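Subject: Structure handover

Hi,

Here is the structure I promised you. Please open it first, then read my notes below.

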Amino acid sequence: MSTREHRTAPNGGAKALAAPAEHAPALAAPEAPAGLIEPPPVVVFDKVSKTYENGFTAIKDVSFVVKDIPGKMEFVTILGPSGCGKSTVLRLIAGLPPQFPATSGEVLILGKPVAGPGADRGMVFQDYTSFDNRTVEDNVAFGLECRGVARKERRERAREWIKKVGLDVDRDALKYPHQLSGGMRQRVAIARTLILRPRIILMDEPFGALDPTTRLKMQDMLVSLVREASATVFFVTHSIEEAVYLGDRTYVFSSCPGTILKELPVPPPDFPAKEMQRQPEFMQIVFEIRDMIENLESSTRAGDE
Ligand SMILES: Nc1ncnc2c1ncn2[C@@H]1O[C@H](COP(=O)(O)OP(=O)(O)OP(=O)(O)O)[C@@H](O)[C@H]1O
Ligand SMILES: [Mg+2]
């Protein structure tokens, strides 16, 4: 029996997939009770399009809202074919060029237009983006160093995070990235981002290069870390299982130019990844989404012809 904490389903953990809702940009928030000022949404995309310098339109009229609901941090997973603009969406949130700025439309973070990268957002990439010439400890402490945190405190906090992501301080803290496996390097990248406690965590296929067993372990670790981190997560993946397991909701993107085809609520990770992903109810949801994506893709192709 795992001792891992699991997020509790707001609906008591129902496993059934709620009926897929047609995606409609729900930009109007429901009215707050009299006297209460509703906080701005965590992220708003309002008809966002990106056309690159060569004239290629990667995403077109993408609209969605992730609200700031006290005590409920959302985990948004993004599925879609290669080249449909998933990384473009994440990098627009992160404020990273050349994806940022958008060509048209508006991206708001906590009510303000994105002006560039900021401490409120942290990103984890697919390729293990650690500094080769820094030890695990110094990689994890890098952001704190940039913020001017004193050496002793940096070291203590880095070691705390090395443990949190499942590495062994005595064995691993002084290793260099080339001495680590892919899974270990990705744990370092996650620690390096989460140590800075960003309000929004952006993850671009972080487990895409890992073997299936390591991947399930990393999913379990992420669920407990994110719960503790009180952050909203945007997580891009090509794995439907991973999107369904980790997400509170999933956006399914169309191919070129990318736009959100469906927004689906999915059940929360109430059990360890290995256990839950074997459950017939879970597999049924995955099959339904797989069929839906295939239908969406074939109807999109038919419409293009
Ligand atoms: N700087 C750029 N200039 C021109 N086109 C670009 C640029 N960056 C990305 N693109 C194009 O925009 C589209 C979307 O790219 P993006 O990287 O967002 O896709 P993706 O959904 O993340 O794909 P993958 O699943 O393969 O990572 C692709 O067709 C890509 O070739
Ligand atoms: Mg990508």
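Start with helix H4. The exposed residues Lys 152 and Glu 153 sit on its face turned away from the buried side. Helices here are DSSP runs of H or I with at least four residues, strands are E runs of at least two, and both are numbered from the N terminus. A residue is buried if 20 or more other C-beta atoms lie within 10 Å of its own, exposed if 12 or fewer, and partly exposed in between, with C-beta atoms placed from the backbone.

Some ground rules. This is a predicted model, in which local features need pLDDT of at least 70 and side-chain atom pairs count only at pLDDT 80 or more, while totals for chains, interfaces and linings use all residues. Residues are numbered from 1 along each chain as its sequence is written, and chains are lettered from A and ligands numbered from 1 in the order in which they are written.

Back to H4. Its buried residues are Arg 154, Ala 158, Trp 161 and Ile 162. Gly 166 follows H4 and has a positive phi, near 85°.

The whole chain. It has 10 helices and 11 strands. Of its 305 residues, 39% count as buried. Among contacts between residues at least 6 apart in sequence, 72% join residues at least 24 apart. Contact means that the C-beta atoms of two residues, placed from the backbone, lie within 7 Å.

The sheet. Four strands form an open sheet in the order E3-E2-E5-E6, with antiparallel pairing. E3 and E6 (112-113) are the edge strands, each pairing on one side only. Strands pair if DSSP finds at least two bridges between them. Six bridges join E2 (residues 43-51) to E3 (residues 57-66), and Thr 51 stands opposite Thr 57 in E3. These two strands form a hairpin with five residues between them, and Gly 55 in the turn has a positive phi of about 90°. On the E5 (residues 104-109) side, E2 is joined by five bridges. There, Phe 45 has Val 107 as its bridge partner.

The ligand. There are 13 residues around ligand 1, and Tyr 52, Ala 58, Ser 82, Ser 87 and Thr 88 come nearest. A residue is near a molecule if its C-beta atom, placed from the backbone, lies within 6 Å of it. Helix H1 (residues 86-94) gives the largest share of the shell, three residues.

Most residues other than glycine have a negative phi, and most peptide bonds are trans. Which peptide bond has omega of about 0°? The cis bond that joins Pro 97 and Pro 98. The bond from Phe 100 to Pro 101 is also cis, with omega near 5°. Pro 98 lies in the loop between H1 and E5, and Pro 101 is found in that loop too. Asp 61 in strand E3 has a positive phi of about 50°. Glu 205 has a positive phi of about 45°. Is Glu 205 buried or exposed? Buried, because 20 other C-beta atoms lie within 10 Å.

Best wishes
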